[in-house]
Amino acid sequence: MKMETDAVLRPFDAAPTALTESELQRARTTLEEIVSTPYAPWSEHEHLTSPVRRHGMRFAFVSAAVVAVVVASAVVRSDGASMAYASWTPTPSAPSAEDLVAAEAVCGDKVRNDDTVDGDEAKVALAERRGDLVALVYRTEDPDITAACLVNNPSGTTDVDGVRFGVGGSSGPALKPPRDGFTQGAVFEHDRGAGSITDGAVGPAVTGVTIHAADITVRATVENGRYVAWWPGPAFQDGPETPSGRGGPQLDLSYDLTLADGTVVRDAEPTRPS
Amino acid sequence: MRYRALYSETYRDVLRFVQRRVHPSHAEDVAAEVFLTAWRRFEDIPRRPDDARAWLFGVARNSLLNDRRAQGRREALAVRIAEIAPLSTSAPDDIAALRADVARAWQRLSSTDQEALSFAVFDDLSSSQAALVLGITPVGYRLRLLRARRSLRRQIEPVCHLTDSQTEAHL
């Protein structure tokens with residue numbers, strides 16, 4: 001018997017040829033979600049191989065462009081004792097080299113042991129200290145992945161505890177912000193809104209980012225085209241009972257940008273895809 | 001709105017592409033992620049419909065590969081085939097036997113071979129579009145396809161003589 005290879009294989013297509021009515025309905029719903037909520041924070045997508053753990057930390061990824069997508073799934077987790085937030089300062093300081101070594105020893109392990117971020121590629125992009133707390137942001141640009149790590153590390157000590165760690169991002173490369181604008185990256189909320197951390201990218205003309213989160217005003221650390229900030233309060237409008245995920249919590253943040261010429265752009269909107 | 005048109009024209013194909021590669025229970029979630037990426041990167045999407053479709057397939061593939069990193073950083077995605085191919089009850093016995101052999105042979109192929117064959121047979125991609133999905137040159141893809149077809153033929157040759165498909169002739 002003589003047959004052509006493709007013809008032999010064709011009947012084995014595992015994909016149904018037509019969508020069912022319920023699939024069509026869900027497809028329409030998905031489309032409306034995508035196009036009608038361009039400014040909503042996106043959020044996690046359940047990893048195909050390991051369930052998302054939600055205890056303690058919610059996550060949204062409003063990537064450079066808007067809806068953050070996601071593929072890398074957000075696996076967020078926290079452990080350790082509750083942090084002492086009383087020492088928090090609205091203006092950051094740079095951690096010392098010793099602080100960074102101590103924090104990196106703990107956070108680096110988290111990054112390397114996480115399935116959703118490439119531990120070999122992810123590098124510390126930003127670090128900041130606010131009181132006793134040191135925040136590290138690890139990044140890969142393609143895919144656009146942020147791993148945020150917050151530790152309690154009183155200055156001048158090598159003590160590190162109260163680790164908060166989250167990973168989020170998209171499957172595509174990071175978008176570049178315009179010269180005088182910014183793109184909003186991951187937003188993590190931990191301990192039922194007791195604290196939040198966010199990062200993103202800024203254009204070359206942006207020298208400062210101030211974040212308003214409810215009644216808290218935070219001056220972000222801005223360096224090498226990125227910003228990061230941590231504050232002792234929520235990031236989302238909704239209470240912690242609203243889980244991460246599509247249609248999940250809405251951000252409660254606004255941004256002021258300071259440009260190199262001294263101009264302050266109030267309520268700046270993050271750059272979104274056209 | 002161009003995005004809506006793209007979604008309407010390609011959703012079914014993207015979902016089917018994913019259904020061939022993951023458990024059906026996950027396929028719609030993955031397709032949704034693909035279109036969220038498309039929304040976010042709309043300006044990056046090729047204007048030609050067939051190329052846009054291939055671009056979306058590439059996003060889907062990368063998404064699935066990212067999710068499987070923990071399982072060994074595979075560079076190719078295995079492709080599922082139907083457990084029982086549609087077959088009329090009046091089909092000759094040798095056809096039925098061939099199909100059983102093809103199903104077994106498919107499982108013995110590498111993920112790379114399955115992927116190369118699937119692009120041509122199930123996903124209906126041209127060589128240049130398949131190359132776009134894989135991020136390789138069209139010649140590189142055609143070489144992969146050639147090797148995949150040979151592998152499949154070796155697996156089932158005792159039952160049936162399979163002839164080259166037309167794309168092999170254009171290497």
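This is a predicted model: local features need pLDDT of at least 70, side-chain atom pairs count only at pLDDT 80 or more; totals for chains, interfaces and linings use all residues.
Student: Why is A:Ala214 called partly exposed?

Tutor: A residue is buried with 20 or more other C-beta atoms within 10 Å of its own, exposed with 12 or fewer, and partly exposed in between. A:Ala214 has 14 C-beta neighbours inside 10 Å, and therefore counts as partly exposed.

Student: What makes B:Asp124 partly exposed?

Tutor: There are 15 other C-beta atoms within 10 Å of B:Asp124. The cut-offs are 20 or more for buried and 12 or fewer for exposed, so B:Asp124 is partly exposed. B:Asp124 also has a positive phi, near 60 degrees, in a residue other than glycine. Its place is in the loop between helix H5 (111-121) and helix H6 (127-134) of chain B.

Student: Which peptide bond is cis, and what is its omega?

Tutor: The bond that joins A:Asp142 and A:Pro143 is cis, with an omega of about 10 degrees. A:Pro143 is found in the loop between strand E5 (133-140) and strand E6 (145-152) of chain A.

Student: What makes a set of residues a nonpolar core?

Tutor: The members must be buried residues of the types Ala, Val, Leu, Ile, Met, Phe, Trp, Tyr and Cys, joined through C-beta atoms within 7 Å. The largest such core has 54 residues, and those with the most contacts inside it are B:Val14, B:Val18, B:Ala31, B:Val34, B:Phe35 and B:Ala60. Helix H2 (residues 24-40) of chain B gives the most to this core, with nine residues. Apart from it lies another core, of 50 residues, among them A:Ala127, A:Ala220, A:Ala229 and A:Leu253. In soluble globular proteins, nonpolar side chains tend to be buried together.

Student: Which residues does B:Val34 touch, not counting residues up to four places away in sequence?

Tutor: B:Val34 touches B:Val14, B:Leu56, B:Val59, B:Ala60 and B:Ser63.

Student: How many helices and strands does chain B have, and in what pattern?

Tutor: Chain B has seven helices and one strand, and along the sequence the pattern is α-α-α-α-α-α-α-β. Of the 171 residues of chain B, 44% count as buried. Among contacts in chain B between residues at least 6 apart in sequence, 63% join residues at least 24 apart.

Terms used
Residues are numbered from 1 along each chain as its sequence is written. Chains are lettered from A and ligands numbered from 1 in the order in which they are written. Helices (H or I, at least four residues) and strands (E, at least two) are DSSP runs, numbered from the N terminus. Two residues are in contact if their C-beta atoms, placed from the backbone, lie within 7 Å.
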